Amino acid sequence: MSETTYEASPKDMANAIRALSMDAVQKANSGHPGLPMGMADVATVLFTKIMKFDAANPDWFDRDRFILSAGHGSMLLYSALYLSGYPGVEMDDIKAFRQVGSITAGHPEYGHINGAEMTTGPLGQGLTTAVGFAIAEKMVAARHGDEICDHFTYVINGDGCLMEGISHEAIDMAGHMKLSKLIVLWDDNNITIDGEVGVASSTDQIKRFEAAGWHTARVDGHDAAAVEAALKQAQKSDKPSMIACKTEIGHGSPNRANTARAHGEPLGEEEIALTREALGWPHAPFVIPDDVLNSWRSAGKRGAEARTNWEQRAAKLSGTEMGALGDPINDDVMGQVKTAVLDVKKSISAEAPTMATRQSNAKVLEALVPIVPGIVGGSADLTGSNGCKTSQYVAVTPDDFAGNYMHYGVREFGMAAFMNGMSLHGGIVPYSGTFLVFADYSRPAIRLGALMGVRVIHVMTHDSIGVGEDGPTHQPVETIASLRAIPNLNVFRPADTVETAECWEIALSTDKTPSVMSMTRQGLSTVRTDHSDENLCAKGAYILRDTDGARDVTLMGTGSEVEIAVAAAKKLKSEGVNAVVVSVPCMELFAAQDADYRTKVLGSAPRIAVEAGIRQGWCAWLGDDGGFVGMKGFGASGPGAELYEHFGITADNVAAKAKAAIKRRSA
């Protein structure tokens, strides 16, 4: 893009960010003025000199992405968005900072305000998710060419982001993959809430990044020309870049700059007045002089020509290809998915094989990977165990991003965050695998994905005491319950290959909700031997095995324990007890059904649930007199089948619980 000459000086344009930030935090009596004031010069250079964007068209696909990893400094982003002229961001929104219903939330929230590429605030996740954005940029460029996808991802992060452990996963992966269009601007202000950084860290961050294969530079963060030169040099590098911007937190504040107090509390009216004087900013709160606002608005229009040129190049794409830059899964693709799922279901119901659902996962993916554009799998160094690699496997490498499978290494937290970024970027449908017990490593990124509402599919295998000899460290007895506690997350635990296929269809069709696929290590019998075109898992729970006579008891199960419930029902039948078996592959979807459907499925008879995990989460479905067969503590080391016997998760115990519940009800 051509250079733009502005009416206002860079200093005044940066001071506009400082003034809006300290005024908004003061009005809200809450917030973090220090980072916006310290990084205002850097942000001004980035938005007015470097970044490729068109404020009037914030969703233009080939725009540069900006991620404020240090999300507590949100007023820096909101100020830049307002000043640049992003639609829907007005001065009243700046004044409503941190208020209920305002688009200017305490931390940037994806989907709430134009220009927030993701939700940030949990430190380190913005940086790590940005790596996913940069990976996706390379992947889409490999598929469509640089004329369609050629943009940078810029990140501002602070010391806290670099202290968080996930930063290592991000820095290591970005360097390994040579993500040359990722540029990180570190707010090197040497201050944390507890005081100077030295109270807790003595890491040489420049050497740290260089060791991971990054280009690095160090600049005075208040020298606009130096910042601009460093950014332009970084754009030319064949490595990811980290620019250490030496700044003063709360820059301009006579009594708060370079102190921890500037970080997370309002400056106060007296200090704001002194700061205005020190900055040479005589304007009233929330007043931006015309020359400054006009200059910023001109900056917001700098990318209009680049966007128009891109639209002309993109015109050669078909409507389907153009749509796939955003979401590769359209109605036609879902039609193909449905057909493929039906074919898998028919063959499995007829053949009734015994296989672990991790193997079921691989079988289903064999049918889906060829027909879902942009689908990219991967694993956290467990490729041979998770069932995520198919015969269509082509590895994504630092030198070739045209593949469909990422080797994420032992980086579960990073992997989940990378996938969030890949999904948010557009053009990619990410899934990956690890062991379910390691969901505790991934959980913060899974939660953030649910909060943002992104389609990411987390395949998590070895999901119970059925893991066997590896013992309790690898047996996730409480993990399913903890994942079910996360809002807007569908946790699937299919009972066989038929259910696995149906759950994948649901996950791919759900574009605003991430999914967890909980899969077994051990082999399971096929419980769905009668084919149905209907996706029975779509309602979360359904009657798998009905009874001819009046229902005496309802047996509920998920995953590997459904076959135990079926065996218990057969045993009860031989004793004259009519048991209905309900498979519950997804509690979240079942909870979303109307009361009539839930009552029809569960009935009014006593209910027993069986799951090789803890009881938490089942009480809503068991009623006051229901029973549970499962785990009450951690597992143990030993063969999986023997552990089921050892912990009493057997058909005999389910049947005994059922008879006891019936007896209590009739007493």
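Student: What is the order of the strands in the open sheet, and is the pairing parallel or antiparallel?

Tutor: In this predicted model, the open sheet has 5 strands in the order β1-β2-β3-β7-β6, and the pairing is parallel.

Student: What makes β1 and β6 edge strands?

Tutor: Each of them, β1 (65-68) and β6 (215-220), pairs on one side only.

Student: How do you know that β2 and β3 pair?

Tutor: Pairing requires at least two bridges between the strands. Strand β2 (residues 153-157) is joined to strand β3 (residues 182-188) by 5 bridges, so the two count as paired.

Student: Which residues of α4 and α12 meet?

Tutor: From α4 there are A80, Y82, L83 and S84, and from α12 L293, W296, R297 and G300. By class, the residues of this contact are 5 nonpolar, 2 polar and 1 charged. Helix α4 also lies across β1 and β2, at about 145° to β1.

Student: What makes W504, L508 and L555 stand out in the largest nonpolar core?

Tutor: Of the 80 residues in that core, these three touch the most other members. Beyond its neighbours within four places in sequence, L508 is in contact with residues including I329, M334, V337 and L368. Another core, of 63 residues, lies apart from this one, and Y6 and A40 are among its members.

How values were computed:
Residues numbered from 1 in each chain as written. Predicted model: local features only at pLDDT ≥ 70, side-chain atom pairs only at ≥ 80, totals over all residues. Heavy atoms only, no water. Core = buried A, V, L, I, M, F, W, Y, C linked by side-chain atoms within 4.5 Å. Buried < 20%, exposed > 50% of the residue type's maximum accessible area, 1.4 Å probe, protein only. Contact = heavy atoms within 4.5 Å. Helix = DSSP H or I, 4+ residues; strand = E, 2+ residues; numbered from the N terminus. Nonpolar A, V, L, I, M, F, W, Y, C, P; charged D, E, K, R; others polar. Axes fitted to C-alpha atoms, helices over the stretch in contact; angles between N-to-C directions.
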